Amino acid sequence: MIANAIALQRYFHDWLLNLAALPKVTKLRTCFGEHGVEITFHDPELASAYGRALKHSIPSASAATILNLHVVAQDSSGLSLPKLGWDKTDFSLKRVVPGWCDNKRTTFLLRTEKGICLINWEDRLAFVWLPSHRNIPWWERAAPFRWLADQLAQRLGMCTLHCGVVSKDGHGVLFAGPAGAGKSTLTLACVGHGLDYVGDDYCLFEYSSEPTCFNLYSSAKWSIEAAVRPSWLSDQLPHEIDESGAKAVLYIDELPSRAIAGRTRLLAVLMPRLTPHHQAGLEPASPPEALRRLAPSTIAQSEADGGFLMGHISRLVKTVPAYHLDMPEDTDEPASLVSRLISRLQTDRDRLRHDAICS
Amino acid sequence: MNRKVNTPAAVRFNHDSFAYEIFDREVIVLNMIDGTYYAFGGSTPQFWEDLVSGRSIDRIIAALEDRGSTALSDVRSSVSSFVGALMEEQILLFQDVDTGALLRLNQSALIAPFAPPTIEKHVDMQDLLTLDPIHDVEPEKGWPRS
């Protein structure tokens with residue numbers, strides 16, 4: 001029996017050390033903000049499942065590797081997991097298992113996958129163990145290891161946000177709202193309008209000198225039965241459809257003439273809302289309204305500390321303007337409006353900076 | 001907020017379950033466990049920091065009463081009811097002793113007339129947190145029951 005996180009770490013370490021060779025591994029180096037994460041998949045099926053949404057983002061050679069992640073499945077590696085000596089007092093409502101965490105280590109229970117993850121932050125080494133690649137649900141393929149990204153981001157002073165983000169010439173806007181609010185629809189409408197994709201559901205956020213969002217995944221989703229859908233998707237076959245047939249997934253990097261921006265400087269928070277009218281419009285919103293649309297769903301889904309997230313989100317909404325965006329059924333018009341808004345805010349910002357320098 | 005409550009000497013904020021942010025006209029509090037969020041209006045932003053950091057509630061009420069424009073009994077009853085309601089929600093927890101620190105309320109340059117604190121509660125995010133409920137552990141396998 002494995003009694004605690006230290007013993008679990010030793011179990012994975014020993015397995016890794018005793019591997020005579022790594023005959024079937026697939027390595028993937030992916031961006032995490034300005035950093036790099038190196039993932040070793042000990043099964044090509046795992047690489048296919050997890051890697052599709054991550055393969056587009058290749059860090060520069062100078063980017064430091066902040067985590068080495070090994071992903072292994074029992075059915076292909078033969079690595080079984082002994083009985084774990086935990087009880088229900090060790091668990092929380094989320095994936096993190098508080099009873100099996102300390103300053104150096106975090107343990108996650110992956111309930112849907114029936115898997116486990118152990119991270120040693122000091123050694124920058126992590127293991128994900130699953131019974132089989134078949135256990136990976138579609139949403140995990142579309143947004144791999146998001147729960148791990150939540151904790152990694154916090155350790156770097158960053159955070160993951162539940163939002164859509166698009167960019168134009170390095171400047172972007174963030175779409176906030178709970179599931180079904182229209183974040184993905186608006187993101188995809190903007191991508192169809194020529195704006196760069198940063199994310200439709202999750203992004204990495206950093207506030208050092210200015211509020212900045214980083215891309216995490218190449219995947220974008222939409223509801224097949226959605227009442228409002230960008231027109232360009234009518235001619236676009238989805239790359240994947242979820243098991244229930246309700247959600248379609250596209251990998252933006254696999255589409256010709258669609259671009260992903262690795263980072264963007266945020267200029268505004270937009271809160272889409274469907275309107276029966278035919279015209280798209282912007283209405284100024286207050287910082288508390290923006291916080292209410294962004295914080296609850298972000299904190300609810302995140303494995304990071306809620307107070308930490310609240311601080312980051314509050315700082316963002318107090319810094320950039322927020323708007324309600326009325327979204328009619330024809331999504332071309334709101335996408336055009338978003339594009340014009342980014343240009344205007346960018347011009348205003350450049351003018352302010354110029355005036356500040358001149359004075 | 002008209003029920004009679006026993007107001008404690010002081011309270012503290014329940015940081016284990018909630019996070020808050022103060023804006024000009026309201027204080028937003030978010031329950032990090034079940035997704036419920038609250039907006040507290042009226043004069044709440046003016047006295048919130050004093051309240052959650054363990055200053056004496058009597059001293060806070062006295063400072064608010066000094067601002068005039070509202071009947072003294074109204075200040076006491078509305079603040080006491082507000083504190084009681086937030087204690088019921090577990091946002092505020094009982095604290096026996098006043099920290100004794102100076103009130104920020106008295107140091108503020110902005111002296112706005114008192115407005116009774118208001119409470120808005122929104123539960124529309126709770127579904128997000130119940131998607132993956134905790135499972136019991138199967139002792140034989142050392143693994144949570146699905």
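Arg124(A) counts as partly exposed because it has 16 C-beta neighbours inside 10 Å; a residue is called buried with 20 or more other C-beta atoms within 10 Å of its own, exposed with 12 or fewer, and partly exposed in between, with C-beta atoms placed from the backbone. The model is predicted, so local features need pLDDT of at least 70 and side-chain atom pairs count only at pLDDT 80 or more, while totals for chains, interfaces and linings use all residues. Residues are numbered from 1 along each chain as its sequence is written, and chains are lettered from A and ligands numbered from 1 in the order in which they are written.

Arg124(A) sits in the loop between β5 and β6 (125–130) of chain A, helices (H or I, at least four residues) and strands (E, at least two) being DSSP runs numbered from the N terminus. Though not a glycine, Arg124(A) has a positive phi of about 55 degrees. Lys114(A), not a glycine either, also shows a positive phi of about 55 degrees. Its place is the loop between β4 (105–110) and β5 (115–120) of chain A, and Lys114(A) counts as partly exposed because of its 17 C-beta neighbours inside 10 Å.

Further along, an open, antiparallel sheet of three strands runs β13-β15-β14 (chain A), where pairing takes at least two DSSP bridges between two strands. The edges are β13 (219–223) and β14 (240–241) of chain A, each pairing on one side only. Five bridges tie β13(A) to β15 (residues 247–251) of chain A, and Lys221(A) has Val249(A) in β15(A) as its bridge partner.

As for helix α8 (residues 306–319) of chain A, its buried residues include Leu309(A), Ile313(A) and Leu316(A).
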